[in-house]
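Work through the exercises below with the model open. Try each task before reading its solution.

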Amino acid sequence: MIIHYFEIRNCSLLYYMGYPIYLAPDGTDEGLLSMRGFAKQNDGKWIKYIDRFEYGYIMQFNNCEEIVVNEETLKNIQYPPFQYQPPLYGYGAAPPKDSNTANILCTVSVSLMLLTLPVLFTPLIAISGLLFIAAMVLMIIARVIYPDNKFAKILCIVYVVLTLIMVVIGIAAIIMLMIACNECVNSLNSCS
Amino acid sequence: MSIHICTDYSFFPPYALMIILSCAAGLALQYFLNVKRGVQPMIAGFITLLSPFMSFFFAFLLTYAASGGTKNGLSSMGGLFGMYLSVVTLALIRRDRRTTSITFENCTIVLPLIYSISKLGCFFAGCCHGIPYHGPCCVEYSGKVTETGCIFPVQLAETVVFFVIFAVGIAMLMKKCRNTSVYTLTACSAAKGLLDFLRESHMDKVISLNQILCIIVVIIGIVYAAASERKYHHTAEVTASCA
């Protein structure tokens, strides 16, 4: 099967570590390949992971010898017919194994989250906000780059549950405060 | 015809209700658009998790810093910065060009919706109000806010204008138009900058800090859109020559 991907003609459909890719023919203009999101491999080949929209489209015509993928053809796809997900960890890289780095990231994240509480009761409230955001970001980094790490998975669930509880309590506290202020102002008005 | 609004609420504060509603609507729509357009649910979920915290943090921080540490409140420009920062954070972690452009676009599309709903809160609470005005649809507040007299309903105008921008943005997205997010952001900045002239807080100023930021965003938006259109036509020419 030959695929004409936008202006890059005669690409091949291959599978790389289980994921479908376009393989550009040798001699294609490198500037054009970079512009269309292709990445150069160590062996000098230019490849691009096929996203599920494009893959779904290509699979509709898998009996054809030539398929054209461009803006016009992709316009007609409203939703991905295949639940295929492109890899999370970048071009040509193997999925990172459960690493010690993920555990370090999670440990630092927990430490920052625990530091948030004592700082909250000092004049440096803004710092507690920064610590909270940093803790969240570290957890997200660990969860996205090391998807199999158990510590990151558990930490993600704990943070999501904590966030939900915090949002509910926060909204209730703001509303109670505003009602209390309103009552106070109303009673002052009635005094005068 | 004038509009009368009583700012004495009996139970639920309308300002808080509208801020919560705007955030909930914006985040839900952002998640839905991200997932529908092929972003992995986990990445879409992390953006939804991170953006409210970053938005509120920077919205408070900008007001606090701009007032020299004397005022507390929410700044829309700070909130905007926080929303984009959450998308940038995920883009730096994910490092995928397609996901980044989709999440940026979706974030920009939902911003006018969030602003539109939140301004209804200001309208009912009587804050951020307009210049003195006695024409049709002028607003008269009673209750806690009585000092304003008849004023221009600038918050309501902002709600309508930004909702129209949001609706046009969604329609452009459905039709897969190019540079939808750039046009939406430029339109939002232009609308915000122009409507600022109708605010009472602007009366003693020639130009406000918000307007300066809006002008910068409009200029960047126009330059980017022009460069992008030029690049698109160049690519089309290359395609034609290849074919």
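**Exercise 1.** List the buried residues of α6(B).

*Solution.* Count neighbours: a residue is buried if 20 or more other C-beta atoms, placed from the backbone, lie within 10 Å of its own. Helices are DSSP runs of H or I, at least four residues, numbered from the N terminus. The buried residues of α6(B) are B:T180, B:S181, B:V182, B:T184, B:L185, B:T186, B:A187, B:C188, B:S189, B:K192 and B:L195.

This is a predicted model: local features need pLDDT of at least 70, side-chain atom pairs count only at pLDDT 80 or more, and totals for chains, interfaces and linings use all residues. Residues are numbered from 1 along each chain as its sequence is written, with chains lettered from A and ligands numbered from 1 in the order in which they are written.

**Exercise 2.** Check the span of helix α6 (residues 180–195) of chain B.

*Solution.* Take 1.5 Å times one less than the number of residues.

**Exercise 3.** Describe the contact between the chains.

*Solution.* Chain A gives 31 residues and chain B gives 28 residues. On the side of chain A that touches chain B, α2 (52–60), α5 (125–145) and α6 (150–191) each supply at least two residues.

Technical notes: Contact = placed C-beta atoms within 7 Å. Buried ≥ 20, exposed ≤ 12 C-beta atoms within 10 Å, placed from the backbone.
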